[in-house]
Amino acid sequence: MVKGNNSDRKRGRVSRRRFVQAASASGIAVGLAGCVGGGGNNNNNNGGGGSGDTETPISTEPPEEEVTVQIAADSNFKGASDAIIQTMRENGGLPDNIQVEFIAGSFESGDRRAKYQQLLSAGQENPAIIMMDNGWTIPFIARNQLQNLSASLPESIISTVQDTYLSNMLATASGQNGDLYGIPLFADFPTIQYRKDVLREAGYGDSDFDSWATESMTWSDFSTVVADGKEVLSGQLDDPSRAQGFNWQGDAYVGLACCDFVEFMSSWGGSYFGEFGNLFGPVGDRPITVEEEPVINAIRMMRTFIHGQDDPESLEGYEQISPEAVVQYTEEPSREPFTQGRAVALRNWPYSIRINAAEDAFGEDLGVMPLPYQVTAEESKYGPEIGGIPSALGGWHLALNPNASETVKQGAVQVFRALQDDQVRLDLFEIGGWIPPIPDLIATDQTRELEPIGRYVDQLKVAGENAVPRPVTVAWPQQSTQVSKEVNASIRQQKSPADAMASLASSLADLEERASQG
Amino acid sequence: MATETEQAETVGGDRSGVYTSFVRWMENLTETQFAYFLLTPALLLLLVIAVWPLIATFRLSLFADSFIGGATVGEFVGLQNYIEIITGERSASLPAPLLPTSLSMSALFESALAVTLVFTLASVFFETLIGFGQALVLNQEFTGRRWVRVAIIIPWAIPIVIQGMIFFLLFQPDIGLLVGSEGNGILQQLGIMSNTPLANAQDSTLIVIVADIWKTTAFMALLILAGMQSINRDLYDVAKVAGASPWQRFKTITLPLILPTVLVAMLFRTIQAMRVYGIIETVSGCTTVPSLSCLVIQSFFQNSAVGSAATIAFITAGIIAIVVSVYIVGFAREGI
């Protein structure tokens, strides 16, 4: 090793002595700058921030000062914010000193859940009101991240909500002890949309359509009707092989677990956790019933729809009516062939009724009916809540951020009050098609006049009355992944229904146990 | 008793003494020691930026998941998360198992580690091969070379989400020409893909690999081309005069001189490929093609299982470290 000699070093442009001096000076300067700059960056958490206490009583009197209440919603709400605020002021009595600001979040529900998780964990004050999917409100409640409205608001307000809103929807915004943590904003109920023009050619008539509108039919009858329609449609298309029968959503995603499969399963009288009362817990102390015959038969029927009688697990009495592509369909890919006129029937949410019933689509030739069933509510082992006409319950709640300041919380209560007004609910239905989560408001003279959705409010009402909520608990996010994976594997013929459900039962039991341990 | 002035002089003298002895110590450092001394602030910064998150992640991985209450994680469980995830005991709680549960093909494509390794090996191999070919072509003089370069770079410039949507639509039945809902697409008729490729793990993995090759080959081509252009042209002239054939010139000049660049490019791509997430999420979704990053993201954001997510993240980092070590050993053998 050669030590450099001093003379060599000194020939360099910067000597080590000079370097130490420069580095010391720079270090001191940076240190000072850091000290100066580090002081005043805490404004957000000071000056009237909320306590984060979820049970503090909130005054129901309007605040006297100017208050801005931010509502985390989606781009549809933000786009219609002027009309919404106008009706809240004119009909809901929202005071002028309360400004409402809608914030558009991601259109994807899961993205918004992740975002809200972050901001609530960080204790942020804004937004004060958060629009939450009924499919994931309960995990936030379990984490004590939302204001307990039952504990914070007068009993009169809470009891009004509990007496008038859809009870199944309220259950998805309630804690284990029944306390309310969110107020339903709008509900969503899937229905079957179908082509009247095609079925007319297949020999069905208006009397059938009128009957189906509120009474629905069995899956076996439905498969016959769709098969008849598909035959007609095949003759109408240039390429008959592109004709589809019944489209639904069978992709391995949360929609299969929460909704499509819940509908198929409960229409047979099957359930994930037995009785309806077990849907929301107690986690770890409820039976797992996915291996029961109704559940297996529901999957066999789904497979028959896709693969026909050639499938070794097929059920007799059902036609092959769904394209194989349903196993990778989510909402939009399943809707597009129907809107393009290549499918006879479609299971989808109300947003697609507005698209397909438009005059430039099918207009009055679009028929809508509640989902078919296989066993009646009375015949069902877990009836009457499970069984009969099924419809997965979708929709969104408004929850209150406990970290908001007291004044903003007061303003938020006024927003809740304004939104409870019947006329405001009806206006929301008209403005954006947001269905009131109140059964009595769905099919009224006023809603019947709304074009085009007004033609179908009776069907929506039936669907709403039969809506089945998903079993949302702290374990559900993980359980739903397992459900969609196993059911999708089975309808793709990768696993027999019995094997898939045995595997699912084992996973659900494991997740129940883990979640119950905290 | 010393006066105040004397005391001040003593303190000042002490300061001066410390400074002088520090400078003297520094002046006596060897060049290597001095280099490390200068690197110390940067290394400390690296420690904070790179190592601290790793330590924090490791710490989180030692705690149980928490589903109830305000706490982010549950109780301290030591290495239990690692044991349960690696042995498969935790598979039911994870969006996909880490390791294959059996030796069947379907089990292989359901396992996050296997899918990630298959993706990495296939994409890096083909990207290097095709990128090398493209670089060889671009290294030649021909009319329109500039436009060909632009054409090759275009896929690299497309945002990953846009690219994902292109491939998603390409393989949607009846939307792209490749797949039809009734088995009437080109790829189905050729027997290459099933009727529902985006719901099929093998097909989807293949699609994601093709999508990645389509996009990232340009990256490899550009890196390799830069290496090729740094080769002294005189070597080729001398070889030509000596009568070397094009193959001999490639084998004895281009290949040895370009190898270090190729290996470094492969190292970069391997690290990137091991972390694949975006293209999977946009084309097929993580449920169908579960990579290691998918597992971390689903566990953290979807399941709020922070302990499990941290454990998988740390395992992923460990696997990447092992792969990088393989490259580094390779570099050392090649004297790079």
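Q: Which residues touch the most other members of the largest nonpolar core?
A: A nonpolar core is a set of buried Ala, Val, Leu, Ile, Met, Phe, Trp, Tyr and Cys residues joined through C-beta atoms within 7 Å. A residue is buried if 20 or more other C-beta atoms lie within 10 Å of its own, exposed if 12 or fewer, and partly exposed in between, with C-beta atoms placed from the backbone. In this structure the largest such core has 206 residues, and A:Val69 and A:Ala412 touch the most other members. The greatest contribution to this core, 12 residues, is from helix α9 (residues 201-229) of chain B.
The model is predicted: local features need pLDDT of at least 70, side-chain atom pairs count only at pLDDT 80 or more, and totals for chains, interfaces and linings use all residues. Residues are numbered from 1 along each chain as its sequence is written, while chains are lettered from A and ligands numbered from 1 in the order in which they are written.

Q: What does A:Val69 touch, not counting residues up to four places away in sequence?
A: Two residues are in contact if their C-beta atoms, placed from the backbone, lie within 7 Å. On that basis, the contacts of A:Val69 beyond four places in sequence include A:Ile98, A:Val100, A:Ile129 and A:Ala412.

Q: In what order do the five strands of the open sheet in chain A stand?
A: Strands of a sheet pair through backbone hydrogen bonds, either parallel or antiparallel. Helices (H or I, at least four residues) and strands (E, at least two) are DSSP runs, numbered from the N terminus, and two strands pair if DSSP finds at least two bridges between them. Here the order is β2-β1-β3-β10-β4 (chain A), with mixed pairing. Because β2 (98-104) and β4 (182-188) of chain A each have a single partner strand, they stand at the edges, and one side of each is left without a neighbour in the sheet.

Q: Over how many bridges does β1(A) pair with β2(A), and with β3(A)?
A: β1(A) and β2(A) pair in the parallel sense over seven bridges, with A:Ala73 opposite A:Ala104. The pairing of β1(A) with strand β3 (residues 129-133) of chain A is also parallel, over two bridges; A:Ile71 has A:Ile129 as its bridge partner. Six of the seven residues of strand β1 (residues 67-73) of chain A are buried.

Q: In which sense do β4(A) and β10(A) pair?
A: β4(A) and strand β10 (residues 394-400) of chain A are antiparallel, joined over six bridges. A:Gly182 has A:Ala399 as its bridge partner in β10(A).
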